[in-house]
Amino acid sequence: MPSPEEVLVLWNLFKQGDWSAYTALYDQHFTPLNNYGYKFTKNVTLIEDAIQDLFIGLWTNRQNLSTPVSVKNYLYKSLRNILLRKAQNQSRFLEISDDSSIPFEVSFDQFIIVGEEEKELQTKITFFLTKLPPRQQEIIFLRFYEDFDYQEIADIMGITVSSAYKLLYKALHSMEVALNK
């Protein structure tokens, strides 16, 4: 993945109508966005539709877009909002009263397991993560797997920075208590 600065260069070229910059942004972000969408739903078609809607909207409105501080943050937040909107509009997806009821799963296929002890610990962590509420699972994913800072997490999840700190602390504390039992 290119550096954030390189992505901003692509973003600015795309805003000027550069189709190759637009397709490069799409190619670079499709898989991570797809993986993030999969945390909300297993409906691959819905996820891909949401990503397509996101990029069609970007191309259509490119001249009116500002330059975000973080393109990655902007894309994650936009995809999350599109998925939530689609979820509310499609009863076959989920009926939700707010986004805290969306099932959110953290996958660990990104890690290479070196030894049996690590494998056992990974199994325990995976098990206890699935027991956390969806928003706590989401914040762990965004912080530790996507390496977003607290401001970016707050922006993506639609909460305050203080709430992001508290939510992550609560999730980690719950994990610690569960692992020490």
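This is a predicted model: local features need pLDDT of at least 70, side-chain atom pairs count only at pLDDT 80 or more; totals for chains, interfaces and linings use all residues.
Student: Okay! And how many of its residues count as buried?

Tutor: Of the 181 residues of the protein, 40% count as buried.

Student: What does the secondary structure come to?

Tutor: You'll find 8 helices and 0 strands. Reading from the N terminus on, the elements go α-α-α-α-α-α-α-α.

Student: How should I read contacts along the chain?

Tutor: Look at how far apart in sequence the partners sit. Here, take the contacts between residues at least 6 apart in sequence: 65% of them join residues at least 24 apart.

Student: Next, the core. What's the general idea?

Tutor: In soluble globular proteins, nonpolar side chains tend to be buried together. In this model, the largest nonpolar core has 45 residues, and F55 and L142 touch the most other members.

Student: Which elements give two or more residues to this core?

Tutor: Helix 1 (4–15), helix 2 (19–38), helix 3 (44–60), helix 4 (71–89), helix 5 (116–131), helix 6, helix 7 and helix 8 (161–179). The largest share, 7 residues, comes from helix 3.

Student: Let's zoom in on F55. Which residues is F55 in contact with, leaving aside its neighbours within four places in sequence?

Tutor: With those neighbours left out, F55 is in contact with Y22, L25, Y26, H29, L33 and L75.

Student: Now pockets. How much space lies in the largest pocket?

Tutor: About 280 Å³. Its lining is made up of 16 residues, and S3, P4, S70, K72 and E152 lie nearest the centre of the pocket. Helix 1 and helix 4 are the elements that give two or more residues to the lining, and helix 1 gives the most, with 4 residues.

Student: What kinds of residues make up that lining?

Tutor: The lining of the largest pocket divides into 8 nonpolar, 3 polar and 5 charged residues.

Student: One last stop: D147. Where is the place of D147?

Tutor: Find the loop between helix 6 (134–145) and helix 7 (150–157), and D147 is there. Check its backbone too: phi of D147 is near 60°, a positive value in a residue other than glycine.

Student: Is D147 buried or exposed, and why?

Tutor: Exposed has a cut-off of over 50% relative accessible area. D147 counts as exposed because its relative accessibility is 61%.

Key:
Residues are numbered from 1 along each chain as its sequence is written. Side-chain values use heavy atoms; hydrogens and water are left out. Buried means under 20% relative accessible area, exposed over 50%, partly exposed in between (1.4 Å probe, protein chains only). A nonpolar core is a set of buried Ala, Val, Leu, Ile, Met, Phe, Trp, Tyr and Cys residues joined through side-chain atoms within 4.5 Å. Contact means heavy atoms within 4.5 Å. On a 1 Å grid over the protein atoms alone, a cavity is a set of points where a 1.4 Å probe fits but cannot get out, and a pocket is an open set with protein on both sides within 12 Å along at least five of seven lines; lining residues have an atom within 4 Å of a point. Grid points are joined across faces, edges and corners, and a volume is the space filled by probe spheres set on the points. Ala, Val, Leu, Ile, Met, Phe, Trp, Tyr, Cys and Pro count as nonpolar, Asp, Glu, Lys and Arg as charged, and the others, Gly among them, as polar.
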